[in-house]
Structure formats: structure tokens, C-alpha cells
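The points are grouped by topic.

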Amino acid sequence: LILLTGATGHIGFRTLVVALRTNHTVRVTIRHPSQEAKIRAAPSIHPYLSALSFALVPDMAAPDAFASALKDVTYVIHVASPIPTKPDVQALLSGGRSFREVMYEPAVNGTLEVLRAAAKEEIVKRVVITASGNILACTVGVADCKPTDIRPCPTASEADAVTVPGVAYKTSKILAVTAAQTFMGEGERGFDIVIACPGYVQGAHELASNVEELRSSTSQATVDIATGQDLGAPPLAPPLHNQIWVEDVARAHVEALTNANVKANDVLVLTGNGRHSASWEEVGKMVEEMFGEEVGEGVLKPKRDQKGFSLPFDGTGTEGKLGFRFASAEVWVRETVEQYLEL
């Protein structure tokens, strides 16, 4: 039995689908009862309803939040975390709440509550924690760093000095991973952890019922390129390349649970096809080639001159561990744009 958090999100929902499709039983945590109906109604879930159950966790950062949810669980995939593109997070921030209140503390305390509950259950074997590629040391030019090295944790004052939502998101992930590693080092645990670090995740999100919901995921970048808009406007990060298909990210999370090549404390670098990433200029050209009819009708207006940049991620070692190659850009470009057109 897998416990999965964050299953209504972009990565989380696709992870749920992959887990069910590969014959796992899954218990999903939800914050609101209405989320259960939304997940159950998704066509991808229909064949697997008998393998799916739910646990209500209104506040994942509350003491003992996961105590009952983790009963009889063997594996945990902890995806849930505050994301600055989500309307509820934006509402809190615009209302004057600090990044520490809205993002740092929920990310850290939610992760710790998962681990504390897991430590009380004898049969839990592994917890996979979703972080971000931006926590890797290579992104800040640390000398002689390995591809899986994590950048230094900011001090409290450094974290509180952050003013940009994208940087706050990255900071929340570093703080949460550091807290998890500290917790695991404080005593003998009956389980281990694996840290998954996705790059710029692109692809369809089945639970998105309209364009705005699709654009609240990081797939906004592909949608914007397809419709002729500039990247880099807040709250998005700058136009980073280093993309990865959401299906590959989901598959990696599920594979990491039982794959013998994935060891305790491994950091999985989930970005690009090996060292390759597609420039946004290339993405614009792909849209034009794949959707010529819609471009001719003016439904799509692909932007072919969007400048961007790549960070020196290296996912080849992770591909080797997991035993599969990450998809090329054509896959996630087509999937994302097709959903946009359907919506």
C-alpha cells in the first residue's frame, strides 16, 4: 500500500495514475472531501477504483496529521507542498502573509509530520520526497559538485530576505529536504528516504478543467509559447530550459519505491533527456510543425524567438538507475498543446 500526498496536483495526479497502472494499491491524502470526487471522476482512474482509497488530512503540518493515514502503509510518496502559482497560495501572499508562514513552515512541517508518522509504523520501507531541481548545488556553481549534491541550506535571515515567489518555492524545498535529512540522522529509522528533484515539469494535467487551471501548473510555459506570450512573468521562474515530461517524473517516483538500483538517501535528478534540454525557440518551432492547421487559423500563435537558459543538470545517472530514458521534448509539447486545444 502506497500513501500519496498532493494527488490533485500536476505531478501528484500523474504519479497516482502510474502507481495504479502498475498494480499498486494507493491511499491518497486529501485536504477537502470534494477532492475525492474529483479524483474518482477522472477517466484514467476508472479502471482502478478498487485499488484506491482516501484519507482526510486537512492540515498536513498539524501534529500527528498523518497518524491514521499511514496505518498499514509500506511506501510513501510525499509530493504535496505549497506552490506559488496556485490561487490559494497567491491569495494568502497577497493578503500580507509571509513566505515563512505560507511556504516554508508548511513545507518543512508537512515533511516532518510524514516522517514522524512513518517512524511509528513498523512496515514502512521507504519515503520518496518530491523536491526540485533548483535545490541542486550545480545551479549555483558550487565548485567540484556532483550532479546529485544539494546546495547549502539558507539561514533563517537569508530565507526571510527572499522577495520573489519562485525563489521562496526553491527555498521551501531546500529547507524541507534539510529538515528531512536531519530527522533521518537523529536516530535509527526502520525506513529510508529518496529525494526526487524534477526540472521544469511539462505535460497535460488531467484534473485541469479549464485553461487557467492548466496554466496554474508549470505547463504554463508550453501554453504561453504556443499562444505567443513571453515567458518569465511573475510568479513563474525565468524561462528555464531543463524541461521534463510529467509522465517521466511520475514514473520515477513510483520506480524509486522498489527499484533495487535506487538506494537509501539517493537524489534523483529528473530533468531533460540526458544532458539535452529543448530551447523555447525549438518548442515554438515544434508547435508550428505539429499544429499547422491551428496555427493557420490563428488559434495558436507560437513564439519562436523566446530566449532562455539552461542550468547544468545531469540526469544521465538517474536514467541509468531507473532503467529508462526520459522522453524528448516532442512528447510533452504535443501532449500539453493538445490538452490546451481541448480545453
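Helix 10 (residues 280–290) packs against helix 13 (residues 329–342) at an angle of about 60°, and their axes lie 10 Å apart. The model is a predicted one. A search of the whole structure finds 0 disulfides.

**Helix 10 and helix 13**

- Two packed helices are described by the angle between their axes and the distance between the axes.
- Helix 10 passes helix 13 in a right-handed crossing.
- On the helix 10 side, the residues that meet helix 13 are W280, V283, M286, V287 and M290.
- On the helix 13 side, the residues that meet helix 10 are A329, E330, W332, V333, R334 and V337.

**Helix 4 and helix 6**

- The crossing of helix 4 and helix 6 is right-handed.
- Helix 4 contributes F99, M103, Y104, A107, V108, T111, L112, L115, R116 and A119 to the contact with helix 6.
- Helix 6 contributes P165, A168, Y169, T171, S172, L175, A176, A179, A180 and F183 to the contact with helix 4.

**M103, in helix 4**

- M103 sits in helix 4, which covers residues 99–119.
- M103 is buried, with a relative accessible area of 0%.
- Not counting residues up to four places away in sequence, M103 touches P82, P84, V89, P165, A168, Y169 and S172.
- M103 and Q306 are 203 residues apart along the chain, and their C-alpha atoms are separated by 30 Å.

- N134 is found in the loop between strand 5 (126–130) and helix 5 (156–160).
- With 23% relative accessibility, N134 counts as partly exposed, because buried means under 20% and exposed means over 50%.
- Beyond residues up to four places away in sequence, N134 touches T139, R151, K170, L311 and F313.
- N134 and I174 are 40 residues apart in sequence, and the C-alpha to C-alpha distance is 8.7 Å.
- N259 lies in the loop between helix 9 (246–258) and strand 9 (267–270).
- N259 is buried, at a relative accessible area of 12%.
- The side chain of N259 reaches the backbone nitrogen of N261 at 2.8 Å.
- N259 also touches R126, K321 and L322, with residues up to four places away in sequence not counted.

**Cysteines**

- C138 is buried, with a relative accessible area of 9%.
- For C197, the closest cysteine sulfur is in C138, at 9.5 Å, again too far for a bond.
- C197 is buried too, with a relative accessible area of 1%.

Notes. Residues numbered from 1 in each chain as written. Predicted model: local features only at pLDDT ≥ 70, side-chain atom pairs only at ≥ 80, totals over all residues. Heavy atoms only, no water. Helix = DSSP H or I, 4+ residues; strand = E, 2+ residues; numbered from the N terminus. Buried < 20%, exposed > 50% of the residue type's maximum accessible area, 1.4 Å probe, protein only. Polar contact = N/O pair within 3.5 Å; in protein donor to acceptor, adjacent residues only side chain to side chain. Contact = heavy atoms within 4.5 Å. Disulfide = S-S within 2.5 Å. Axes fitted to C-alpha atoms, helices over the stretch in contact; angles between N-to-C directions. Left-handed = near helix turned anticlockwise from the far one by under 90°.
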